[in-house]
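Dear colleague,

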Amino acid sequence: MSVLQASQLIKRYQLGVHEVNALNGVDFEAAAGEFVAIMGPSGSGKSTLLHLLGGLDAPTGGTVMLAGQELSGLNDQQATLARRRSIGFVFQFFNLLPTLSAEENILLPILIDGKKPAEFKERLDQLIALVGLEERRTHKPDQLSGGEQQRVALARALITQPAILLADEPTGNLDSNTGKAIMELLRRSCDDLNQAIVVVTHDARAAAFADRVVFLRDGQVERRLQLAQDEAPAQRMRAIIEIMESLEL
Ligand SMILES: Nc1ncnc2c1ncn2[C@@H]1O[C@H](COP(=O)(O)OP(=O)(O)OP(=O)(O)O)[C@@H](O)[C@H]1O
């Protein structure tokens, strides 16, 4: 069953007298335990789609259903709650608070939701182990490498056990080994926690961790590719690169 389903999404931005058609009728879905990558040239609407899927912005037309609830049917407060409880976000720039330790940053969504961090100790310990930050719990962001900061951001996105994880270029400014480790973590969290994961990426190597790849161009879905996880990673990557080349990405 789809936990996230978008139909005929349209997004227009007004830029002075000009109108930008960022999305022109996009259908998209992701099921629990499914990992979907979104690829496409710069300006094709990838980030716009991710923002609409996460309810960070409202579509000009079309609908987004989150766990069976239509986002546009909710008032601001309900939408904020639905987002906070069902969705974890990871961005390319980690958005960590500089004055808080790694552990405090991870617990931030719990505090914002008005819950007691002490009740989440077990989950915090599990997540810190999952992302391999046991030795870095009390470090501040400026005492952490880029990959470690991204792992904190990932643990923070997972602390509320969201049904859906949305990530915009999560490996964008990491070296390739660190990027691979982050993608492996996302894959594991999808498999072990039965989460739906949607990742925007330019990188075929990162997209090869997905079950499906959706290729956007000019705000429309140009191609969809199903990947078999029992195929060798190199083979999955080749299939993605072939399409990227045929679409001149
Ligand atoms: N807030 C905004 N105001 C006006 N135009 C916007 C806004 N956000 C995005 N756009 C335009 O919408 C189109 C799609 O942008 P979007 O950021 O979704 O593309 P993208 O595929 O994520 O690109 P990139 O790979 O470069 O991040 C682009 O033409 C962009 O300039």
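**Around the ligand**

Strand 1 (2–15), strand 2 (18–31) and helix 1 (46–53) each supply at least two residues of the shell around the ligand, where helices (H or I, at least four residues) and strands (E, at least two) are DSSP runs, numbered from the N terminus. Please keep in mind that this is a predicted model, in which local features need pLDDT of at least 70 and side-chain atom pairs count only at pLDDT 80 or more, while totals for chains, interfaces and linings use all residues. Residues are numbered from 1 along each chain as its sequence is written.

Helix 1 gives the most to this shell, with three residues. Among the residues around the ligand are Tyr-13, Val-20, Gly-43, Lys-46 and Thr-48, a residue being near a molecule if its C-beta atom, placed from the backbone, lies within 6 Å of it. By class, the shell has four nonpolar, seven polar and one charged residue; here Ala, Val, Leu, Ile, Met, Phe, Trp, Tyr, Cys and Pro count as nonpolar, Asp, Glu, Lys and Arg as charged, and the others, Gly among them, as polar.

**Helix packing**

Two packed helices are described by the angle between their axes and the distance between the axes. Helix 3 (residues 102–112) and helix 5 pack at about 30°, with their axes 7 Å apart; axes are lines fitted to C-alpha atoms, for helices over the stretch in contact, and angles run from 0 to 180 degrees between N-to-C directions. Helix 3 is therefore roughly parallel to helix 5, as angles under 35 degrees count as roughly parallel, over 145 as roughly antiparallel, 65 to 115 as roughly perpendicular and the rest as oblique. The contact of helix 3 with helix 5 has six nonpolar, one polar and one charged residues.

The axes of helix 5 (residues 146–158) and helix 6 (residues 176–193) come within 10 Å and cross at roughly 15°, so these two helices are also roughly parallel to each other. In the contact of helix 5 with helix 6 there are five nonpolar, five polar and no charged residues.

With best wishes
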